[in-house]
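User: I would like to learn how to read helix packing and nonpolar cores from a set of coordinates. Could you take me through it feature by feature?

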Amino acid sequence: STQSTWGVVSTSLAVEWLARMLTTPNIRLHIKHFGTWMDFLSFFPFYVEVFLRELVWKDSRSAGVTGFVVFRALRMARVFRVLRLGEYNRQLQIVMYTLQASFDGLVLMAFMVCICVVFFGSAVYYAEQSDASWDTEKREWVREGSPMFFQSIPLSFWWVVVSITSVGYGDMYPVTTPGKVVGCVVMLIGLLVVAFPLLIVGANYQVALDVFDSIPEQGPFSLPPSLPSLRN
């Protein structure tokens with residue numbers, strides 16, 4: 001059954017975690033490592049759920065539905081075990097250091113996206129209201145008897161994010177001339193907002209690649225020291 005499968009997987013992960021705790025040469029450093037507790041969360045929620053189901057919520061299972069959902073969501077933590085591969089994979093190490101060095105550029109991109117979302121979300125909302133009317137019964141904006149896509153400014157934020165990242169789901173789109181003008185501006189600005197930080201990431205990746213190539217491989221955890229040149 002599914003429950004028994006989860007039990008086998010969680011038990012194997014727990015045994016591995018305990019074995020590492022007992023065999024590590026530096027227990028303090030191992031406890032402080034983020035990956036240690038990431039591995040712990042991959043199996044601990046299963047045992048807590050079993051304990052609560054059998055002892056606490058045994059007579060009132062419906063009372064523990066919310067708790068079960070929370071603990072089952074915590075099981076997703078085992079997915080993050082994939083990040084541990086970065087300790088053994090040189091390419092993942094390069095990517096991690098590149099993102100760390102490009103933090104300023106990524107923050108700048110997020111800041112610019114937020115400004116564009118608020119500004120153009122408001123702009124397209126008011127542009128699309130040029131020939132719309134308010135339906136007092138349905139309490140929504142309609143155009144020619146059909147509901148308007150942009151019912152509010154917060155709903156318009158979704159369209160701006162989709163357009164500025166060049167995804168274009170097509171679930172929302174402007175139909176008026178002013179709205180289409182705003183859409184054109186959003187798509188053109190999106191090229192700059194996304195492309196500029198990507199140039200920084202690409203340049204930092206090349207620098208990190210050169211730095212890592214100059215360091216001999218010494219097995220897992222052989223990370224180079226700080227890379228100040230990436231930020232300069």
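**Helix packing and the nonpolar core**

Analyst: Helix α6 passes α7 in a right-handed crossing, where a crossing is right-handed if the near helix is turned clockwise from the far one by less than a right angle, and left-handed if anticlockwise. Helices here are DSSP runs (H or I, at least four residues), numbered from the N terminus. This is a predicted model, in which local features need pLDDT of at least 70 and side-chain atom pairs count only at pLDDT 80 or more, while totals for chains, interfaces and linings use all residues. Residues are numbered from 1 along each chain as its sequence is written, and side-chain values use heavy atoms, with hydrogens and water left out.

User: At what angle do α6 and α7 pack, and how far apart are their axes?

Analyst: Axes are lines fitted to C-alpha atoms, for helices over the stretch in contact, and angles run from 0 to 180 degrees between N-to-C directions. Helix α6 (residues 103-128) and helix α7 (residues 153-164) pack at about 115°, with axes 8 Å apart. Contact means heavy atoms within 4.5 Å, and among the residues that make this one are Phe120 and Tyr125 of α6 and Phe157 and Trp159 of α7.

User: How is α6 oriented relative to α8?

Analyst: Angles under 35 degrees count as roughly parallel, over 145 as roughly antiparallel, 65 to 115 as roughly perpendicular and the rest as oblique. For α6 and α8 the angle is about 175°, with the axes 10 Å apart, which means that α6 is roughly antiparallel to α8. By class, their contact has 21 nonpolar, two polar and one charged residues, with Ala, Val, Leu, Ile, Met, Phe, Trp, Tyr, Cys and Pro counted as nonpolar, Asp, Glu, Lys and Arg as charged, and the others, Gly among them, as polar.

User: What about α7 and α8?

Analyst: Helices α7 and α8 pack at about 55°, their axes being 8 Å apart, and therefore α7 is oblique to α8. Their contact has eight nonpolar, three polar and no charged residues.

User: Which residues have the most contacts inside the largest nonpolar core?

Analyst: A nonpolar core is a set of buried (under 20% relative accessible area, 1.4 Å probe, protein chains only) Ala, Val, Leu, Ile, Met, Phe, Trp, Tyr and Cys residues joined through side-chain atoms within 4.5 Å. The largest has 17 residues, and those with the most contacts inside it are Phe120, Phe150, Trp159, Val160, Val182 and Val186. Its largest share, seven residues, comes from α6.

Methods. Helices (H or I, at least four residues) and strands (E, at least two) are DSSP runs, numbered from the N terminus. Buried means under 20% relative accessible area, exposed over 50%, partly exposed in between (1.4 Å probe, protein chains only).
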